[in-house]
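We'll take a walk through the fold and stop wherever the geometry gets interesting.

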Amino acid sequence: MIDFEEWLPLAVFSLTIVTVLLLSLPSTYGTASRFTKRSEHDDHRIQVVVLGDIGRSPRIQYHALSIAKHGGFVELIGYTDSDLHPGIRLSPRITVYRLPPTPKTLRTDNKVLFVVLGPLKVLLQTCSLYYTLGYRVAPARWMLVQNPPTIPTLFVALLICFIRNTRLIIDWHNFGYSILALKLGPSHPLVRISRLIERSFSSKAYAHLVVSNAMARYLGKRMDVKGPVLPLHDRPFHQFQPLDRTQRSHFLAKCSETAGFLEKIRSGKMKVLVSSTSWTPDEDFSLFLNALVIYAEVATSSLPHLPEILAIVTGRGPLKEAFISKIESLTDEGKLQKVQLRTAWLSTEDYAQLLASADLGVSLHTSSSGVDLPMKVVDMLGAGLPVVGWNKFEAWPELVIEGINGRGFQSSSGLAYTLLDLFGPDTTQLEHLRQGALLEGKRRWDEEWDPVAGKLLGLCK
């Protein structure tokens with residue numbers, strides 16, 4: 001026989017815990033609560049989320065700026081390790097919510113330590129993201145989340161959207177499992193688990209934005225998504241513009257990386273080569289260095305008329321120091337004659353002007369998934385800069401048309417011979433590519449965003 005007096009305290013305690021949990025759940029979109037009042041801005045409030053550095057996520061920043069431009073109110077959530085776009089800082093319609101940074105002790109490139117520290121890092125990220133999305137920001141009609149990273153972003157976003165009656169849009173710029181495979185290998189159990197999680201969670205989103213047609217096809221065939229999949233190609237923002245001769249000369253004179261070589265650049269005796277990177281494993285800079293070594297060898301022997309190269313690599317990331325060390329070693333060995341290499345971290349404005357002042361852009365993005373596209377190439381074309389890039393992946397032709405606005409390569413020797421060809425006596429080839437880049441760069445972000453994301457969010461007709 002059940003002793004009700006014995007079980008009554010436990011039942012009361014359990015009901016109390018459940019009641020407290022229910023009362024402490026985040027408020028729901030479309031209703032007011034004891035803690036939040038219904039606002040006239042609620043219907044136009046959109047949460048834009050990236051579990052990464054906002055300043056190094058240009059696409060996410062462009063989303064926020066476009067939403068604000070069309071009358072929406074943005075709650076931009078992410079890390080703030082780098083400077084934000086000036087428009088983000090100045091807009092009264094954009095509020096930035098900073099996520100607490102992950103402790104450095106939980107960051108590692110060691111595969112063994114990653115298996116141990118990775119779950120701890122995910123746990124901390126889960127707590128901070130849940131608290132921010134559930135309690136620091138008011139409920140919104142829409143949540144736009146960048147993927148990857150997938151874990152724990154999609155889980156937390158889906159949970160909050162379910163509780164708060166919010167529609168989730170996933171903005172895909174790659175796949176989380178394919179990036180993890182670069183670190184652990186494609187057959188690693190964690191990579192397989194990551195793919196299953198990504199496929200399962202993504203299928204429950206309201207809609208999907210993707211950076212390429214190839215990615216849209218992949219999501220439809222391999223990821224079993226239910227909502228509409230809308231290609232929204234990256235396009236250059238307004239600050240990436242061509243410069244005239246006077247503007248170019250002025251920037252080259254004030255830029256510390258180029259000022260010392262100004263007369264050589266003006267006379268055509270030196271060409272400016274620019275590459276941008278996050279210094280991650282999906283970009284092989286040893287290939288770039290090997291190509292420059294080949295160019296230097298040819299330029300100092302059989303073809304001494306070739307111009308010198310000033311190669312400027314911009315960006316921050318974990319592999320930068322190894323790259324600098326390799327440059328110093330090759331220089332000491334005398335293998336980089338007629339080549340000057342510089343690394344830099346520039347403001348958005350200076351980076352845009354550097355691209356517009358350079359002779360050629362280089363992309364070493366190899367694409368972990370085969371269906372993503374490098375934003376850096378979009379910026380280069382927007383500045384009227386022709387591009388040479390690694391082209392051994394499916395989506396590349398959606399951005400660069402061979403011989404029209406750029407050239408492709410698949411090896412260090414291939415890149416070297418492309419440089420020898422374009423910097424040789426026949427300057428018409430490089431000029432032809434520049435004209436193609438100028439034409440491609442005329443299509444801007446607003447023209448791409450308004451009829452796709454703007455229409456989906458109800459901000460554009």
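A bit of housekeeping comes before the tour. This is a predicted model, so local features are reported at pLDDT of at least 70 and side-chain atom pairs at pLDDT 80 or more, while totals for chains, interfaces and linings use all residues. Residue numbers start from 1 along each chain as its sequence is written, and side-chain values use heavy atoms, with hydrogens and water left out.

Now the big picture. Of the 461 residues in the chain, 51% are buried. Buried means under 20% relative accessible area, exposed means over 50%, and partly exposed is what lies in between (1.4 Å probe, protein chains only). As for contacts, meaning heavy atoms within 4.5 Å, take those in the chain with a separation of 6 or more: residues 24 or more positions apart account for 71% of them.

Let's look at some helix packing, starting with helix α5 (residues 153–164) and helix α7 (residues 189–202). Their axes are 10 Å apart, and the two pack at an angle of about 25 degrees. Here an axis is a line fitted to C-alpha atoms, for helices over the stretch in contact, and angles run from 0 to 180 degrees between N-to-C directions. That angle makes α5 roughly parallel to α7, on a scale where under 35 degrees is roughly parallel, over 145 roughly antiparallel, 65 to 115 roughly perpendicular and the rest oblique. The crossing of α5 past α7 is left-handed, which means the near helix is turned anticlockwise from the far one by less than a right angle, whereas clockwise would be right-handed. Zoom in and you'll find Leu154, Phe155 and Leu158 of α5 meeting Glu198, Phe201 and Ser202 of α7. The residues of this contact between α5 and α7 divide into four nonpolar, one polar and one charged. The nonpolar class is Ala, Val, Leu, Ile, Met, Phe, Trp, Tyr, Cys and Pro, the charged class is Asp, Glu, Lys and Arg, and the others, Gly among them, are polar.

For another pair, go to helix α9 (residues 245–254) and helix α13 (residues 348–357), whose axes come within 10 Å and cross at roughly 120 degrees. α9 and α13 are therefore oblique to each other, and their crossing is left-handed. On the α9 side are Arg248, Phe251, Leu252 and Lys254, which meet Asp350, Gln353, Leu354 and Ser357 in α13. The contact of α9 with α13 splits into three nonpolar, two polar and three charged residues.

Back to α7 for a moment, where Arg192 lies. Arg192 counts as exposed because its relative accessibility is 54%. Ser178 is one of the buried residues of helix α6 (residues 176–184), and the others are Gly176, Tyr177, Leu180, Ala181 and Leu184. After α6 comes Gly185, with a positive phi near 100 degrees.

And His85, is it buried or exposed? His85 is buried, because its relative accessible area is 9%. You'll find it in the loop between β2 (73–79) and α3 (86–90). Apart from neighbours within four places in sequence, His85 is in contact with Gln61, Leu65, Phe237 and Gln239.

Next, the backbone. Most residues other than glycine have a negative phi, and most peptide bonds are trans. The peptide bond from Asn147 to Pro148 is cis, with omega near -5 degrees, and the one from Ile151 to Pro152 is cis too, with omega near 5 degrees. Pro148 sits in the loop between β4 (142–147) and α5, and Pro152 lies in the loop between β4 and α5 as well.

Then there's phi. Lys338 isn't a glycine, yet its phi is positive at about 65 degrees. Lys338 is in the loop between α12 (320–332) and β10 (339–344), and it is partly exposed, with a relative accessible area of 21%. Ser367, also not a glycine, has a positive phi of about 65 degrees; it belongs to the loop between β11 (360–363) and α14 (375–382) and is buried at 9%.

Methods:
Helices (H or I, at least four residues) and strands (E, at least two) are DSSP runs, numbered from the N terminus.
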